[in-house]
Amino acid sequence: MKKRFRPGEFLIERSIQGVAFISLLFICLIFVFVFREAVPLFTGKADVVTAHEEVGAAETYGEDASAPLPQAQQELEQKHVPFRAAALTAKDWQPVSLEPKYGLWPLLVGSLKVTFIALLLAGPIGIFAALYTSTFAPKWAREGMKPVIEILAGFPSVVVGFFALVVLASILQNLFGFQYRLNAFTGGVAMALAVVPIVYTVSEDALAAVPKALTEASLALGATRWETALFIVLPAATPGIFAAMILGFGRAFGETMIVLMATGNAALLTPSLTDPVRTLSATIGAEMAEVVFGDIHYRVLFFIGALLFIISFSLNAIAEFFVRHRLMKRFKGA
Amino acid sequence: MKIQKISAALLLGALPLFSATTITVKGSDTMVIMAQRWAEAYMADHTDVVIQVTGGGSGTGISALINGATDICDASRPMKSSERESLKMRFSSLGVEVKSAKDGLSVYFNDANPVEGLTMAQLKDIYTGKIKNWKDVGGADAKIVVYGRENNSGTYVFFRDNVLKGEDYVSSMQSLPGTAAVVNAVAKDPLGIGYGGAAYGKGIKFAKINGIAPSAETVKDGTYPLTRYLYMYLRGRPTGEIKKYIDWILSPAGQAVVTKVGYFPVK
């Protein structure tokens with residue numbers, strides 16, 4: 001039978017297709033934009049500054065000339081230091097200093113510290129919760145728990161951050177006697193709240209996808225339910241759980257609001273996990289609103305953005321690879 | 001029918017809102033409470049004017065003024081020549097500066113801290129990281145926890161230029177968004193030190209600088225070393241409703257609000 005051309009259907013099909021491609025287009029545009037703003041750093045074009053001439057003072061209005069400020073109020077101008085890409089590997093982050101320093105090490109180490117602590121806490125919690133709901137939980141618990149944990153994922157991170165700033169920081173300081181109230185550890189604990197749902201949902205999916213035949217064979221051979229869960233189901237789902245951890249890492253690395261509020265935002269390069277830290281994402285969050293458009297500082301912030309973009313992009317790609325290829329191949333072979 | 005009536009009523013009800021002049025004010029977090037009080041008091045007497053006040057920091061406010069996104073910019077530091085240059089490029093005006101209030105930039109200690117005051121040199125050494133322990137300035141043998149403002153703040157820049165004389169802040173300084181956050185942090189931290197406007201002062205005490213406490217007299221006659229003006233910037237000479245508003249702020253009624261909030265009048 002010959003297919004009749006239906007204009008209505010054709011239009012609908014095309015517009016749905018268009019919508020799907022628009023999101024793809026957006027990603028590409030964001031990608032291009034972020035990189036385009038960062039690239040002049042390395043081509044040397046960011047250095048072109050208009051020579052500062054003395055522009056004269058602003059007019060004043062409604063002033064009482066008989067009451068000048070007794071202490072001379074100083075106002076210093078930033079020195080212009082030619083930018084070199086090597087400056088990004090310095091040990092100080094002082095972008096609004098008179099001699100700006102754009103070292104990214106303290107920020108990178110700060111991000112890694114918080115992410116590490118968050119994963120250390122959220123990993124086991126998320127994985128074991130997933131193991132429980134996928135293998136042991138009675139139906140009612142399973143149906144109750146999943147949505148609740150997923151609600152946690154939709155919890156506004158600013159609320160988590162606020163909670164950490166006001167409540168959690170004091171509790172942890174009293175508990176462990178930290179020198180600094182806001183520090184990487186406090187930020188990491190708060191971040192764990194945001195990471196648990198991701199680790200949980202992805203591992204839950206992986207564990208639930210383990211073929212029933214494996215579980216049944218194990219039980220038939222006389223293994224207990226615990227033994228089956230720990231030594232058969234969990235190992236079978238390892239690639240999926242690995243992917244869950246990677247996605248959790250990506251979430252923690254890019255999260256802004258929680259770290260901005262709970263980590264103290266001091267760009268310190270120390271090994272201690274209980275010192276305040278400033279993360280890459282929080283730096284963008286705190287400084288982007290103020291920065292002079294087209295300035296070196298502005299471009300460095302975009303470079304940080306590009307860095308975060310690349311990191312999250314590659315982490316997602318790795319996670320996808322583990323789920324698609326390793327996990328599914330393993331189950332098909334089983 | 002009914003819906004039409006309702007929407008007509010809504011339209012009529014909304015009309016005064018649209019006919020009112022809107023003045024936008026943006027900038028310094030140090031000044032935001034005062035700016036809100038000014039706006040409330042002014043709007044109570046002038047129902048035909050709507051004044052919208054937002055904070056964000058002096059730098060943010062000045063950027064907004066340069067981008068044309070605000071009518072008035074509050075700033076706790078004078079505009080830099082590079083900023084005046086940008087303004088000149090876009091609006092061929094160097095801006096108009098209104099000194100709207102005076103502030104004694106205060107250094108905060110926790111209530112439990114036995115130290116009463118610091119010299120300017122000690123303050124500089126603490127914030128540049130040369131002094132790290134309270135015992136070096138007459139306190140307990142414990143590490144100093146340094147709090148400051150984020151680098152988009154006018155207070156951050158004023159402090160850098162006038163206390164640190166252009167040197168860098170110690171990198172262990174925890175930067176917090178807004179003076180209220182600094183006060184809150186120092187109030188919760190017995191070893192903390194912070195700085196900010198005089199108007200914020202719950203749960204903390206003000207340090208004497210060079211032996212002088214910030215008060216109405218010492219700020220007024222300028223003997224308090226960290227006295228500064230709080231500015232309002234406009235793109236051009238004020239006209240119309242904006243002029244009326246600025247004149248009111250500089251009038252005794254407006255300056256009374258300044259005192260009530262905890263800052264000091266300009267005159």
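Here are some notes on this predicted model, taken point by point.

1. Confidence first. The model comes with ipTM 0.74 and pTM 0.79. In chain B the average pLDDT is 84, and 91% of the residues score at least 70.

2. Where pLDDT is low, the predicted coordinates should not be read in detail.

3. Now the core. The largest nonpolar core holds 156 residues, and M191(A), V195(A) and V199(A) touch the most other members. Helix α6 of chain A, residues 184–208, gives the most to this core, with 16 residues. Chain B is in there too: at least three residues come from each of domain 1 (18–102 + 230–261) and domain 2 (106–220) of that chain.

4. What does V199(A) contact, leaving aside its neighbours within four places in sequence? One set of partners is A122(A), G123(A), G126(A) and I127(A), and the list also has A244(A), M245(A) and G248(A).

5. On to the domains of chain B. The assignment gives domain 1 as 18–102 + 230–261 and domain 2 as 106–220. Their C-alpha centres lie 28 Å apart. The contact between them takes 14 residues from domain 1 of chain B and 12 residues from domain 2 of chain B.

6. Take the domain 1 side of that contact in chain B. The elements giving two or more residues to it are α2 (32–45) and α3 (58–67) of chain B. Of these, α3(B) gives the most, with 3 residues. By class, this side of domain 1 has 4 nonpolar, 7 polar and 3 charged residues.

7. Strand β4 of chain B, residues 96–104, is worth a look. Why is β4(B) described as largely enclosed by the rest of the structure? Because 8 of the 9 residues of this strand are buried.

8. The pairing of β4(B) involves both chains. Within chain B, β4(B) runs antiparallel to strand β12 (residues 227–234), over 8 bridges; in β12(B), L230(B) is the bridge partner of A101(B). Across to chain A, β4(B) pairs in the parallel sense with strand β1 (residues 59–60) of chain A, over 2 bridges. There, E59(A) has V96(B) as its bridge partner in β4(B).

Notes
Residues are numbered from 1 along each chain as its sequence is written. Chains are lettered from A and ligands numbered from 1 in the order in which they are written. This is a predicted model: local features need pLDDT of at least 70, side-chain atom pairs count only at pLDDT 80 or more; totals for chains, interfaces and linings use all residues. pLDDT is the predictor's confidence in each residue, from 0 to 100. A nonpolar core is a set of buried Ala, Val, Leu, Ile, Met, Phe, Trp, Tyr and Cys residues joined through C-beta atoms within 7 Å. A residue is buried if 20 or more other C-beta atoms lie within 10 Å of its own, exposed if 12 or fewer, and partly exposed in between; C-beta atoms are placed from the backbone. Helices (H or I, at least four residues) and strands (E, at least two) are DSSP runs, numbered from the N terminus. Domain bounds come from an automatic or database domain assignment. Two residues are in contact if their C-beta atoms, placed from the backbone, lie within 7 Å. Ala, Val, Leu, Ile, Met, Phe, Trp, Tyr, Cys and Pro count as nonpolar, Asp, Glu, Lys and Arg as charged, and the others, Gly among them, as polar. Two strands pair if DSSP finds at least two bridges between them.
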